[in-house]
Amino acid sequence: MSEEKPGQSADKDEDDKKEEERRRFDYVIVVDKNIKKSAFYKSVVKFLNYLQGRGVTVELAYGNIKENIYIKLHISAECVENFATIYDINMEDVGHYYIPFSAINLQMCQTPLTLDRDIFYRKGEATNTERIHILYAMLCEARFGTSNDDNKYGINKLLRIGAVKDVYPLHDGPYELNGKSDEFLNDRQMLLKYWANFSVWYKEQPLNLIEKYYGTEVAFYFAWLGFYNKMLIPATVVGVICFLTSLIRLNVMYHDRLEDVCNSELIMCPRCAFGHSCIARPLKMDCYYARISVLFDNPATVFFAVFMSFWATIFMNLWKRLENVLKIRWNVTTSTIQAKTQTRLPFKEKATHKRVSTITGQLEPYTPTIIQIFSYCLSFGTCLLLVDSLKRATFPQDELQVGVVLIFVVGVIMYRIIMGSLIRMSNSTYLALYAPFIESCTSSMIQVVFIKLYGKFYAPLSEWLTNMENPRTQFEFDNSVVHKRYILGFANNYASLFYMAFLKGRFYSPSYATVTSLNTDLCHPCGCIMALCIQLFVMMLLKSMAGNILTLVVPKITKRFAKKPETTEAAPQWEEEYELYPAGRYLLTTEFMEMIVQYGFVTFFVAAFPLAPLCALINNCMELRLDAYKLVTRYRRPVPKKDSGIGPWRDILEVITHLSIATNVSSLTVVVPTFFTLLSISRFLQAFVLAFTSDFVARQIYRFQNNSSLQGYILSTMSVYNMNETITFGTNDLLEITGSNSTLCYYRALRYPPDHPKKYELTTQYWYEIGIRLLCVIAFEHVIMLTNGVLAYFIPEMPQKIQQAVYHANTLNQQTRLQIMHEEAKKVRETEKKSKIRIKRKRT
């Protein structure tokens, strides 16, 4: 056995480190096995030669999939050091370790990667994420054309023309733990153990390690989602307390509204004027439904709506505060100028006009303003065509143009009408008793199915429409895609809720309604608040929670019954990751979209469903870990991005926050949810539910006019109609349904009776209530806006301690650099002093 000399062990470790670094591949390009016979062979060869000329190591490999050739790319440490400054990678940055982040100091919520123990301390070399970032930038610039003036460059161009099959960065290694201790785990395994794991659902996230491994885009998404979940906790507590308070009040206190309904002798008018299902029914049959309406339409709900208005503003201001802290900690205080100014290759290819640049003095492609305007009108016009499809419903005496948002909403309304007609035609007392509940639940389930199906459609549609606009930069392209996806998603998810809150039952008249008319879709005599509550509950339960469970279970079932490969050889890492789901450019856009839509559910219509924050919190605890699990185990490694915050989603969140203040107070006749329209009406929608969908304001008016009593309130909201004015009903039918020969029936409206000179016209009480409701909307909105402005003023966008820490670090860094410069200058002066030749003066 040879004796090891001193220093030999250190040299061996250094050699092993270099060998491991040499064997590590960062990127994989997949081409067809018959690439040599392809017309793109020379282009691919030129592309690879370009990369090799920049110092990238290229190696060919084969796997179990015989149709593929894998081109593995490795960027050396010397190449990284040379190109780091070019691609905005600061190799001398030691990390902002002085900025604290952990918000939860409970020991049970900590992991070995939290409490600031996952802070990245740079050791003079680039991380794997930064290596991938540099290599991806080189791939986007590598040329395969004959000159520098053509548009033949970039890996995306090769993908678009079909020269290569796929391209993706590699993970750090396998994700299976295999019983290893933490010191032998790679970053991917550490993330699976302490983050992408359902057993740690209550633990804090290792955001710094997420940023180190995936980049700031992924890190900011999970930082926002984790912060959103924390902020849902107080909203959930208050919502549950309000619900329990309402439940106790319902069973303990006396309610005049319930007595008016349950002991009423009123006969409600038929929903339609003729047909077998057009039958009258006693008001007291809706007693059960009235009890549930009282549970969700009471002063506690009003308090909770006001609370959520403040909650939404505090949430946005605290998130801005946290986002700014993370920007400093991750060195992305501003977005890179290159991302906002670099021209896209597709823009150059499609642009048919050129002009002299005022910056470079050379010809550059551009799109004339007229063509831009036409493209934007065509693009957003297509969105509005899908969002706001107007349908004209003709009535015998007048015409009313009803705005129907998305055609499938009309289909669900028709289902609800037909289902109600079938129930009324049946002889089942049980079905008749619970008819409103059955209609609402089943129609909500169908609505969720339509939402899911249409959601698969508008994701690629938004990219197609943006391609038609042809934005100049990738930054503009991404923002445009996000805005279109939210516009379409807004209509897709909220259309039915806005219809129920503000349009349902508004146009009913006993004399003009037919069996299949949209006017026969009526609210309960106690209001539409219960229908809105059921719709929101079913959508949140099925769309989110059930969707997450299926996302987790279905891949495991399909994998178990999938056809096993013929070969028994273990696939190498680059081939295993080829079979994973591709991490597209808008992977997180889909996840963000789901959470932003849910944020709208929680804030827009929380006055109708106080348990919405609880449902959201339960779902999000599963959503966060499921998204992390999918990202670590099922998806390829996404290309890291240096985003400064959550991008356009922050603006959309602010719009939703302002919009939610108004949604809980009045009524909109037509909803056109474009981004700019939202800005214009953003301050008028939390008061709308309280003032118009809920009867809270109307009840207060009645209390004021009747000595603080609600006795007879339900009757005051009814109008009388004489069924003799229609020839459809016979005496035998009336005797069978009502037990009397009376031809009078009641319907929910404020109109004059048939014996009044202004028969069936709107009463003065109606216009009085409308004025008071609008006054409440304005007053509520202004009070909330003023209070929120004060709250925003006292919540600075940057904590004072962080500002002091940054100032102290910058001052210390400045003093250190000045000291170094002083020492260097001192050494130079001493060297000059020693080498100076003294000249003696001659004596005269």
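Residues are termed buried under 20% relative accessible area, exposed over 50% and partly exposed in between, computed with a 1.4 Å probe on protein chains only. The structure is a predicted model, in which local features need pLDDT of at least 70 and side-chain atom pairs count only at pLDDT 80 or more, while totals for chains, interfaces and linings use all residues. Residues are numbered from 1 along each chain as its sequence is written, and side-chain values use heavy atoms, with hydrogens and water left out.

By the accessibility criterion, S708 is exposed, with a relative accessible area of 59%. S708 lies in the loop between α26 and α27, where helices (H or I, at least four residues) and strands (E, at least two) are DSSP runs numbered from the N terminus. The phi angle of S708 is near 65°, a positive value in a residue other than glycine. N707 is likewise placed in the loop between α26 (696-705) and α27 (713-716). Its phi is near 55°, also positive in a non-glycine residue, and N707 counts as exposed because its relative accessibility is 74%.

T633, by contrast, is buried, with a relative accessible area of 5%. This threonine belongs to helix α22 (residues 612-634). Its side chain reaches the backbone oxygen of Y629 at 2.6 Å. Neighbours within four places in sequence aside, T633 is in contact (heavy atoms within 4.5 Å) with Y175, R188, L192 and L580.

Two helix pairs were examined. Axes are lines fitted to C-alpha atoms, for helices over the stretch in contact, and angles run from 0 to 180 degrees between N-to-C directions. Angles under 35 degrees count as roughly parallel, over 145 as roughly antiparallel, 65 to 115 as roughly perpendicular and the rest as oblique. Helix α18 (residues 474-502) packs with helix α21 (residues 587-604) at an angle of about 40°, the axes being 10 Å apart; the two are therefore oblique to each other. The contact involves V482, R485, Y486, G489, F490, N493, Y494 and L497 of α18, together with T589, T590, M593, I596, V597, G600, F601 and F604 of α21. By class, ten nonpolar, five polar and one charged residues form this contact.

For helix α3 (residues 77-84) and helix α4 (residues 128-141), the axes come within 10 Å and cross at roughly 75°, so α3 and α4 are roughly perpendicular to each other. Here C79, V80, F83 and A84 of α3 meet R131, I134 and M138 of α4.

Key
A polar contact is a pair of N or O atoms within 3.5 Å; within protein, one must be able to donate a hydrogen and the other to accept it, and residues adjacent in sequence count only if both atoms are side-chain atoms. Ala, Val, Leu, Ile, Met, Phe, Trp, Tyr, Cys and Pro count as nonpolar, Asp, Glu, Lys and Arg as charged, and the others, Gly among them, as polar.
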